[in-house]
Amino acid sequence: MAIFTGSGVALVTPMKENGAINFEKLEELVEYHVKNSTDAIIVCGTTGEASTITVKEHKETIKACIDFAKKRIPIIAGTGSNCTQSAIDMSMEAEKYGADGLLCVTPYYNKATQNGLIAHYTAIAKSVKLPIILYSVASRTGVNIAPQTVATLYKNVENIVAIKEASGNISQVAEIMNLTDGKIDLYSGNDDQIVPVLSLGGKGVISVLANVVPKETHDIVTYYLEGRTKESLQLQLKYLPLVKALFSEVNPIPVKKALNLMGMEVGSLRLPLTEMEATHVPKLEEELKKAGLLN
């Protein structure tokens with residue numbers, strides 16, 4: 001059984017004016033997603049600025065999100081690292097707190113070989129019983145999980161059950177599904193490719209877009225899986241301009257700006273991320289207005 005089917009939000013981490021994590025706002029965001037049909041929450045991923053929060057904050061944020069959710073919605077903890085032991089330590093903590101699954105990004109900067117990736121993920125998986133979602137995003141990490149590597153891990157490690165595929169390469173996605181006999185749980189890691197990934201047997205999306213239009217992102221997946229493919233495609237195409245605006249600068253700069261424009265007060269970013277360039281803001285505002293999110 002899949003950890004979730006539908007739209008999993010790659011949740012932003014709200015900050016206070018002094019830069020500290022805003023746990024009161026985090027609770028509000030969890031409630032917002034529970035009420036607006038989000039199917040799972042991914043905490044402390046790329047969008048959650050995991051790379052600039054401390055180990056203590058990382059643990060506290062995962063635990064708080066789990067506690068706030070009260071088992072009403074699956075919580076998937078981002079526990080990846082470029083250090084295998086650090087990933088193991090964080091994964092074990094998340095399991096202890098009651099996470100429903102783990103999202104583990106490829107080791108960044110080290111640029112491990114494919115054999116290194118197999119060893120890395122196998123070591124993490126052996127340290128916990130939780131189901132694990134591989135996260136392939138070479139544009140950020142500098143290393144791609146080759147389809148054969150995905151298949152090797154899926155077939156030989158019991159609790160490696162899924163992949164968030166953010167390569168943008170649909171041919172690679174198809175090959176992954178071919179080599180795993182269509183059985184690995186596949187999630188789109190790109191909001192502009194939800195329908196194409198679903199067409200290859202995907203279970204859903206791990207989404208930045210869902211931060212601002214949670215119900216509609218859920219509907220893109222639900223309509224498709226219900227056989228209402230035309231309606232699903234219409235929604236996918238409708239929100240492509242908003243998706244483009246949300247990625248006009250590196251994520252999560254635009255999505256935090258969007259949420260602040262919407263009055264959700266999720267605060268600023270941590271350096272080296274900075275506020276959105278003034279030249280990009282008008283287009284983001286325009287697309288938010290078209291989506292009925294701003295007056």
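1. Tyrosine 187 stands opposite glycine 204 in strand 8. The model is a predicted one. Glycine 204 also has glycine 6 opposite. Strand 7 and strand 8 are paired in the parallel sense, over two bridges. Strand 1 and strand 8 likewise run parallel, joined by four bridges. Strand 8 is covered on both faces: Gly204 and Ile206 are buried on one side, Val205 and Ser207 on the other.

2. A search of the whole structure for aromatic pairs finds one. Its members are phenylalanine 4 and tyrosine 187; the ring centres are 4.4 Å apart and the planes lie at 15 degrees, so the pair counts as stacked, the limit for that class being under 30 degrees. The pair links distant parts of the chain, since phenylalanine 4 is in the segment before strand 1 (6–10) and tyrosine 187 is in strand 7 (residues 185–188), 183 residues apart. Phenylalanine 4 is buried, at 4% relative accessible area. Tyrosine 187 is buried too, at 0%.

3. What volume does the largest pocket have? The space in the largest pocket comes to about 1200 Å³. The lining consists of 49 residues, and those closest to the centre of the pocket are Gly45, Thr46, Val105, Tyr135 and Arg140. Two or more lining residues come from each of helix 2 (55–69), helix 3 (84–97), strand 4 (101–105), helix 5 (138–141) and strand 8 (204–207). Helix 3 gives the most, with four residues. By class, the lining has 22 nonpolar, 20 polar and seven charged residues.

4. The structure holds one cavity of 30 Å³ or more. The largest cavity contains about 40 Å³ of space. Its lining is made up of Ile253, Lys256, Lys257, Asn260, Gly267, Ser268, Leu269, Glu275 and Met276. Sorted by class, this lining has three nonpolar, three polar and three charged residues.

5. Which peptide bonds deserve a check for cis geometry? Proline 252 is in the loop between helix 11 and helix 12. The bond from leucine 271 to proline 272 is also cis, with omega near 15 degrees. Proline 272 lies in the loop between helix 12 and helix 13 (281–290). For background, most peptide bonds are trans.

6. Cysteine 44 has phi near 65 degrees, a positive value in a residue other than glycine. Cysteine 44 sits in the loop between strand 2 (40–43) and helix 2, and is buried at 2% relative accessibility. Glutamate 49 has phi near 60 degrees, again positive in a residue other than glycine. Glutamate 49 belongs to the loop between strand 2 and helix 2 and is buried, with a relative accessible area of 2%.7. How many disulfides does a search of the whole structure find? The search finds zero. Cysteine 65 is in no disulfide, and the nearest cysteine sulfur, that of cysteine 44, is 8.0 Å away; the cut-off is within 2.5 Å. Cysteine 65 counts as buried, at 0% relative accessibility. Cysteine 104 is in no disulfide either, with the nearest cysteine sulfur, that of cysteine 44, 13 Å away. Cysteine 104 counts as buried at 0% relative accessibility.

7. Two loop residues remain to be noted. Glutamate 249 lies in the loop between helix 11 (240–246) and helix 12 (253–261). Is glutamate 249 buried or exposed? At 13% relative accessibility, glutamate 249 counts as buried, because the limit for that class is under 20%. Serine 81 is placed in the loop between strand 3 (75–78) and helix 3, and counts as buried at 9% relative accessibility. The C-alpha atoms of serine 81 and leucine 117 are separated by 12 Å, the two residues being 36 residues apart along the chain.

Key: Residues are numbered from 1 along each chain as its sequence is written. This is a predicted model: local features need pLDDT of at least 70, side-chain atom pairs count only at pLDDT 80 or more; totals for chains, interfaces and linings use all residues. Side-chain values use heavy atoms; hydrogens and water are left out. Rings of Phe, Tyr and Trp (its six-membered ring) pair if their centres lie within 6.5 Å; planes under 30 degrees apart count as stacked, over 60 as edge-to-face and the rest as tilted. Buried means under 20% relative accessible area, exposed over 50%, partly exposed in between (1.4 Å probe, protein chains only). On a 1 Å grid over the protein atoms alone, a cavity is a set of points where a 1.4 Å probe fits but cannot get out, and a pocket is an open set with protein on both sides within 12 Å along at least five of seven lines; lining residues have an atom within 4 Å of a point. Grid points are joined across faces, edges and corners, and a volume is the space filled by probe spheres set on the points. Ala, Val, Leu, Ile, Met, Phe, Trp, Tyr, Cys and Pro count as nonpolar, Asp, Glu, Lys and Arg as charged, and the others, Gly among them, as polar. Two strands pair if DSSP finds at least two bridges between them.
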